[in-house]
Amino acid sequence: MTFLAIREMKKEKFRYGLVIAVITMISFLIFILSALAFGLSRENTTAVEAWHTNSVVMSKDADGNLSQSLLTADDLADYAVNQDQAQVALTPGIMKGAGLREGVMFVGINADDLVSRSITLTKGRLSQNSDELVVSDKLRQKGFKLGQTVELGINNQNFKIVGFAKDAEYNIAPVAYGDIKEWSNVKGVSNRFVASGVVSRKTLVAKSDQVKAYSKAQFLNKMPGYSAQNSTFLFMIVFLIVISVIVVTIFLYILTIQKVQNFAVLRTQGIPSRYLALNTLSQTVIIMVSAVALSVVLALLVSLVIPTQVPMYFDIPLILLTGLGLVVMGTLGSLIPMRIIAKIDPVTVIGG
Amino acid sequence: MTLLELQHIQKSYQEGLKSKVALKDISFGIESGEYVAIMGESGAGKTTLLNIMATLDKPTSGKIELNGTDLKSLSENEAAHFRRKELGFVFQNFDLLDTFNNRDNIFLPLVLSKVPEKEMQARLTGLAEQLEITDLLDRYPSEVSGGQKQRVAAARALITQPELILADEPTGALDSHSSAQLLELFDQVNQAGQTILMVTHSALTASYSKRTLFIKDGIIYHQLNRGELSQKEYLDKISASLNSIINGGSVN
């Protein structure tokens with residue numbers, strides 16, 4: 001079946017090479033963009049993902065923004081702290097120390113609860129005192145050191161970094177895990193507020209008028225900028241896929257037009273148009289598969305040289321799915337040139 | 001045995017509101033092993049006739065049978081299969097595929113019929129020697145001369161061992177030396193039993209055949225048999241016939 005397809009491509013290496021190169025570059029762009037989008041998207045959510053939560057309760061007035069939520073002991077009385085749920089207390093702040101200044105998300109937690117057990121240390125240990133912090137690995141890359149004393153919060157409170165953790169980003173900011181009792185002081189609110197929310201593996205419901213419950217998906221989408229960012233990237237990627245399909249179709253169309261005379265000769269010799277259509281189809285599949293494979297390799301190589309500050313994440317199932325999507329869409333694009341093949345009249349060959 | 005049989009073939013086309021008659025009434029038969037040329041000026045209906053015999057077109061009325069198969073009743077797919085199995089084509093412009101080397105051009109029809117590689121090679125070896133193209137097999141059509149291309153095209157037509165070779169102005173794009181070479185080759189394969197039907201407007205080309213049919217205005221109005229004549233003598237006979245036609249004289 002591929003007798004014609006392969007030989008044609010071998011002979012016209014440059015022509016088919018160009019097509020493959022263009023498709024490779026477009027799909028490379030798709031993969032890099034997806035990796036960047038995914039990387040950025042993950043910077044919003046790695047901490048929440050690490051907590052393994054399914055739902056969140058916070059004050060109604062915070063409108064889904066956990067770091068704006070203030071809960072009193074009364075509000076929290078309805079939600080027990082146990083194996084499946086934990087209190088968290090969030091506030092954005094600037095961490096300062098040894099000439100470094102970084103925006104962080106302070107996350108106050110209780111020792112040995114659901115959240116603190118979810119922390120994956122890369123260096124150091126968990127906090128044992130209320131003046132100790134476990135911070136995101138990102139901050140280590142920025143120059144913060146183990147044992148370093150830093151100032152944090154509205155009152156420039158002193159803390160000591162005792163550990164670094166991976167997967168600790170919340171809404172793009174690196175997380176600094178500290179003692180939940182220090183939170184009101186760091187945030188600069190009255191200490192009648194004791195936490196910003198309750199996270200749970202179970203599905204929580206609002207038990208008073210003061211609070212509201214969110215599913216994980218609702219909660220993430222309420223994160224400032226999160227859904228806008230994701231839909232922007234999604235549209236960019238979808239448009240790129242559509243463009244690549246159009247490019248493939250145009251190429252195949254031109255290649256087919258150039259071969260009409262050849263195809264007419266083959267039809268005269270009794271070669272069915274089905275064979276010629278399958279020939280174009282198998283060439284398309286060869287072009288798409290090799291271009292997609294090349295671009296994946298290229299994207300992975302590029303990801304090795306891109307600085308680590310740039311968030312990138314290669315989601316293998318997503319890459320496979322996108323790659324498959326490209327191959328399938330490109331193959332659909334080859335249906336247009338096939339209409340030309342079906343219409344080729346072998347009579348044109350005779351009587352020159 | 002009659003291989004090809006045409007009875008009262010008529011073909012008309014719709015041109016705007018008028019219908020144009022390309023073939024009025026054509027009847028003839030070709031025996032297995034014959035070498036027949038159909039002569040005529042352009043517009044005489046030769047191409048239409050060739051298309052019908054090649055199953056690329058269907059007559060408006062009349063009967064056409066090749067080897068017992070009614071060509072009118074074939075569907076498009078059946079016709080394609082029939083062409084591949086029973087017919088070999090040699091075209092004026094060779095029509096080899098530039099993207100294939102000569103060997104693959106020759107193999108292509110066999111590949112489609114799923115002939116084993118070994119058998120393809122075996123068939124080609126003898127054929128290539130006979131056609132003197134053994135050294136050209138690994139070259140591309142663009143790298144060989146017109147005469148050589150036409151010999152490769154002939155090999156492509158012959159390798160499927162067709163019942164009938166249809167040649168459309170096979171010498172039309174060749175110089176006189178290459179023409180003579182190709183026609184001698186046709187003569188050889190015909191002597192080996194291959195039935196050949198060619199369509200041409202050249203008296204010289206037709207003079208290599210064993211029988212010549214003259215077509216004009218959609219009918220066969222004359223035919224000549226070569227008999228025991230040499231090619232040169234037969235050429236004179238064909239030329240004389242053509243002259244008398246042009247001069248308006250009757251022929252018989």
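This is a predicted model: local features need pLDDT of at least 70, side-chain atom pairs count only at pLDDT 80 or more; totals for chains, interfaces and linings use all residues.
What radius of gyration does chain A have, and what would a compact globule of 352 residues have?

**View 1. Chain A as a whole.** Chain A comes in at a radius of gyration of 29 Å, while a compact globule of 352 residues would be near 20 Å. If you box up its C-alpha atoms along the principal axes, you get roughly 100 × 45 × 30 Å. In secondary structure, there are 12 helices and 13 strands to look for in chain A. As for burial, 40% of the 352 residues of chain A count as buried.

View 2. Domain 1 of chain A is built from two stretches, 3-43 and 227-349, and domain 2 covers 55-202. Going by C-alpha atoms, the centres of domain 1 and domain 2 of chain A are 47 Å apart.

**View 3. The annotated transmembrane stretches of chain A.** An unreviewed UniProt entry marks residues 16-40, 233-255, 276-306 and 312-336 of chain A as "transmembrane region". Zoom in on residues 16-40 of chain A and you'll see 100% helix and 0% strand, with 36 Å between the end C-alpha atoms. Residues 312-336 of chain A are 80% helix and 0% strand, and their end C-alpha atoms are 37 Å apart.

**View 4. The annotated C-terminal span of chain A.** For residues 235-346 of chain A, the unreviewed UniProt entry gives the label "domain: ABC3 transporter permease C-terminal". This span of chain A is 83% helix and 0% strand, and 45 Å lie between its end C-alpha atoms.

**View 5. A:Leu304 on its helix.** Find helix α10 of chain A, which runs over residues 273-305, and you'll find A:Leu304 in it.

**View 6. The annotated domain of chain B.** Over in chain B, UniProt (again an unreviewed entry) lists residues 4-242 as "domain: ABC transporter". Here you get helix and strand in one span: residues 4-242 of chain B are 38% helix and 28% strand. The end C-alpha atoms of residues 4-242 of chain B lie 26 Å apart.

Definitions and conventions. Residues are numbered from 1 along each chain as its sequence is written. Chains are lettered from A and ligands numbered from 1 in the order in which they are written. Helices (H or I, at least four residues) and strands (E, at least two) are DSSP runs, numbered from the N terminus. The radius of gyration is taken over C-alpha atoms; the globule rule is 2.2 Å times the number of residues to the power 0.38. A residue is buried if 20 or more other C-beta atoms lie within 10 Å of its own, exposed if 12 or fewer, and partly exposed in between; C-beta atoms are placed from the backbone. UniProt positions are given in the numbering used here, feature names are shortened, and annotations may be inferred rather than shown by experiment. Domain bounds come from an automatic or database domain assignment.
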